[in-house]
Amino acid sequence: MNLPNKLTMGRIFAIPVFIVVFLMGYRYIATVIFILAAITDMLDGKIARKYNLVTNFGKLMDPLADKLLVMSALICLAQIGDVPGWMVIIILGREFIITGMRQVAAAQGIVIAAGTTGKIKTITQMIAIPLLLLNNWPFSLLSFNLPMDTIFLWIALVMTVVSGTEYIVKNKQLFSM
């Protein structure tokens, strides 16, 4: 197993650790685990492309690991009331739809690459979640408590809808097969 795939597997193994640590009430430690896992997302792709280590395993498991990490964090945050459940449902629904589309496309030999809006969605999620985990720190220290956690969550939600719509429109031919 090459290094990018090991990083992906490390991210997957970090998810239950994150969940347990978060639900035990150790939000700061959970945040560190989440951030480290998110960094591996960035690293594994860069390393795989730079050193030509792209594998079918990585193509399948890397996006799955990302979705599991984000959804685990959002569901945990929804469970304690920090994120509205309806937002999590919209984000989760988009991920299921796009993953399903990618599977249908892959069965036909078509690769649906991540688009710019999908990448923006992921980045805003990866920023919103640590801010939510840390109760908007460091912005909560400001005298006017700028709600950056909420702002990034809303941006992530909007980008979820926009990117999902973009994927569906660009690949509508998959629905007629």
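What separates Phe 18 and Phe 22 in helix α1? The two residues are 4 residues apart in α1 (residues 3–23), so about one helical turn lies between them. Helices here are DSSP runs of H or I with at least four residues, numbered from the N terminus, while strands are runs of E with at least two. The model is predicted: local features need pLDDT of at least 70 and side-chain atom pairs count only at pLDDT 80 or more, whereas totals for chains, interfaces and linings use all residues. Residues are numbered from 1 along each chain as its sequence is written, and side-chain values use heavy atoms, with hydrogens and water left out.

Phe 18 and Phe 22 form an aromatic pair that is stacked, with 6.0 Å from centre to centre and 20° between the planes. Rings of Phe, Tyr and Trp (its six-membered ring) pair if their centres lie within 6.5 Å; planes under 30 degrees apart count as stacked, over 60 as edge-to-face and the rest as tilted. The structure holds 3 aromatic pairs, and ring pairs join Phe 18, Phe 22 and Phe 34 into a cluster. Phe 18 counts as buried because its relative accessibility is 0%, and Phe 22 counts as buried at 4%. Buried means under 20% relative accessible area, exposed over 50% and partly exposed in between, with a 1.4 Å probe and protein chains only.

Helix packing was examined next. The axes of α3 (residues 56–79) and α4 (residues 85–107) come within 9 Å and cross at roughly 160°. Consequently, α3 is roughly antiparallel to α4. Axes are lines fitted to C-alpha atoms, for helices over the stretch in contact, and angles run from 0 to 180 degrees between N-to-C directions. Angles under 35 degrees count as roughly parallel, over 145 as roughly antiparallel, 65 to 115 as roughly perpendicular and the rest as oblique. The crossing of α3 and α4 is left-handed, a term applied if the near helix is turned anticlockwise from the far one by less than a right angle; clockwise gives right-handed. On the α3 side, the contact (heavy atoms within 4.5 Å) is made by Lys 67, Met 71, Leu 74, Ile 75 and Ala 78. The residues of α4 that take part include Val 88, Ile 91, Leu 92 and Glu 95. By class, the contact of α3 with α4 has 7 nonpolar, 2 polar and 3 charged residues. Ala, Val, Leu, Ile, Met, Phe, Trp, Tyr, Cys and Pro count as nonpolar, Asp, Glu, Lys and Arg as charged, and the others, Gly among them, as polar.

Helix α4 also packs against α6 (148–170). The axes of α4 and α6 are 10 Å apart, at an angle of about 30°, and the two helices are therefore roughly parallel to each other. The crossing of α4 and α6 is left-handed. Among the contributors from α4 are Trp 86, Met 87, Ile 90 and Arg 94, and those from α6 include Leu 153, Trp 154, Leu 157 and Tyr 167. The residues of this contact divide into 13 nonpolar, 3 polar and 2 charged.

The axes of α5 (residues 116–133) and α6 come within 8 Å and cross at roughly 155°, so α5 is roughly antiparallel to α6. This crossing is left-handed. Residues of α5 including Ile 120, Thr 124, Ile 127 and Leu 131 meet residues of α6 including Phe 152, Ile 155, Ala 156 and Met 159. The contact of α5 with α6 comprises 13 nonpolar, 6 polar and 3 charged residues.

The loop between α5 and α6 contains Asn 135, Asn 136 and Pro 138. Phi is positive in Asn 135, near 55°, and in Asn 136, near 70°; neither residue is a glycine. Asn 135 counts as partly exposed at 47% relative accessibility, whereas Asn 136 is buried, with a relative accessible area of 3%. The peptide bond from Trp 137 to Pro 138 is cis, with omega near 10°.

Asn 171 and Lys 172 are placed in the segment after α6. Asn 171 is buried at 11% relative accessible area, while Lys 172 is exposed at 55%. Leaving aside neighbours within four places in sequence, Asn 171 is in contact with Met 101 and Ile 112. The C-alpha atoms of Lys 172 and Leu 3, 169 residues apart along the chain, are separated by 35 Å.
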